[in-house]
Every structure is written in structure tokens, then in C-alpha cells.
Amino acid sequence: MRIARYTLGEDPTYGIVQGERGEEWIAEIQGDPLYQPIVFTGNRVLLAEARLLAPVIPRSKVIGIGKNYAEHAAEMGGEAPKEPLMFLKPNTAVVGPGDPVVMPRQSKEVHYEGELAVVISRMCKDVPIEKISDVIFGYTCANDVTARDLQRSDGQWSRAKGFDSFCPLGPWIETDLDTGDLAILTRRDGEVVQDGRTADMIHTVAALVTYVSQVFTLLPGDVILTGTPAGVGPVTAGQRVEVEIEGIGVLSNPFIRRD
Ligand code: MG
């Protein structure tokens, strides 16, 4: 099931995306599906006529995982850490499909990082690995946008990864997905710049959720970014970056500068 959050010009609403690619429609549902069962209202709209929004606004946090693909760790100039390397992005960094990523004046080197994102369904802590499916609501595409120069100069990553608009999520949440071996592609102005597979993650989705839940209480709507494959690189203002994950869809965002 593909759960979208969208607007027709007024308040955000949720719906289930149905139909084949290019001909999808959205069947509206009541309320927020994180907190109530799926009940259709009977209203429908063509996907092309709706404006998709970030499919979830994390209630408390986005947890990022650094260097979870060996080839990416190598391109960053080191080995992958033995244990998952965690960082936080504020929920104010989240934007939706099509929303501009605003490149801040403090950085001259803004990079894309295409990633699989996990959306948490319920409050949980210390989740055993065999119970992981009980706490996962679904999956979406993410761009873990990073000011690479500030990441280097600051030594820790809050500023480099935390700017407003540095966490595009979307286009919707896929609730039924085996994440064991999915193609994950990033395109910059149409050119494929990352071409990875989730099978190459060092720590699996289940292992990451368990590990993260041993540190933080996770709340419904919290998001875990699972790391980026090799091929990260810079974006210049005016370019568009797409993150496509097999079985989910395409997240596309323009990058702009306002100064
Ligand atoms: Mg990342």
C-alpha cells in the first residue's frame, strides 16, 4: 500500500495511491493513518492534480546513519565504522516532493545523498530484531542533503545536515516492501550519479532499527535514514536531484539559492 500526504490547495490530507505509473489516482482516507485504521472517504483525485507533501512529518526526530555502504565509506576516505554511526537531523529539515532544497549561503559544497528511509509506526524502545516488523510503518525515499564543506570544518554534523529543507522525503510511504535487495538510484539533472543496491548495506534495516531503539525511544512518525551508496557529489543551484528506489517510486527536488 502506498500512503500519500497531499493537498488540493487546502489542509493536508492522506490517501492511498492506486493505479499504474503515470496513471495513478489517490483514494482519500480519514485522518492520519499512523494513528487510526484505513477508512476510505470515497473521494478520489488524480495524482497529477494533487500536490504531494512530505508523507510524514517526524514527531520528534530523523535519525541518520553514516557510512552504511562500504564503497561510500571508502570514497569518504576511510573504513566503515564497526557500529552504526548515528546523527540527528531536525524535523524542521523535512520537505516534500518537488519542494526546493535551499542551498545556504554558509556552504559552497552541497551534496545529495540518496537513501532508503524507514518510518516508525509506534512508540518503542529496545526492539528485539525479531519484532522489527511490529514497529515499521513503511518506507520512503530520502535525500540526506549535506553541506560537505561544513561537515569537514565542523567535525560533527548537526549544521552540515540540519539546514531547513535538507531532508526531502517522498513521494509516499510504501507499507509492503522487502528491503533486502532493492535498486537505489540517484539522478542529477537526469544523469545517474548513484547506482546502488540495499543488499550492500553493512547493517540491515532490522539491525539499524534495533540499534537505534537501544539509544532513543522512537515515536510514531520518526524516520531512520539508512545511509547512502557510493557516488555522492555536489549540486549547483538550478539542478534537480531525483532519488528512485525500486518498489517505492521517485523523489524529485530542485536545488536553489536565494542569495
Ligand atoms: Mg547520509
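Glu 115 and Asp 144 are both buried, meaning under 20% relative accessible area with a 1.4 Å probe and protein chains only. This is a predicted model, in which local features need pLDDT of at least 70, side-chain atom pairs count only at pLDDT 80 or more, and totals for chains, interfaces and linings use all residues. Residues are numbered from 1 along each chain as its sequence is written, and side-chain values use heavy atoms, with hydrogens and water left out.

The magnesium ion is coordinated at 2.0 to 2.1 Å by the residues tabulated here; donors are N, O and S atoms within 2.8 Å of the metal (3.2 Å for Na, K and Ca), and sites may look incomplete because water is not among the atoms.

| Residue | Donor atom |
|---|---|
| Glu 113 | OE |
| Glu 115 | OE |
| Asp 144 | OD |

The donor spacing in sequence is E-x1-E-x28-D. Glu 115 belongs to strand 11 (residues 114-120), whereas Asp 144, 29 residues apart from it, is in the loop between strand 12 (136-143) and strand 13 (146-147). Strands (E, at least two residues) are DSSP runs numbered from the N terminus.

An open sheet of mixed pairing has five strands in the order 9-20-19-15-16. Strand 9 (101-102) and strand 16 (191-197) are its edge strands, each pairing on one side only. Strands pair if DSSP finds at least two bridges between them; strand 19 and strand 20 run antiparallel and are joined by six bridges.

Conventions
Helix = DSSP H or I, 4+ residues; strand = E, 2+ residues; numbered from the N terminus. Buried < 20%, exposed > 50% of the residue type's maximum accessible area, 1.4 Å probe, protein only.
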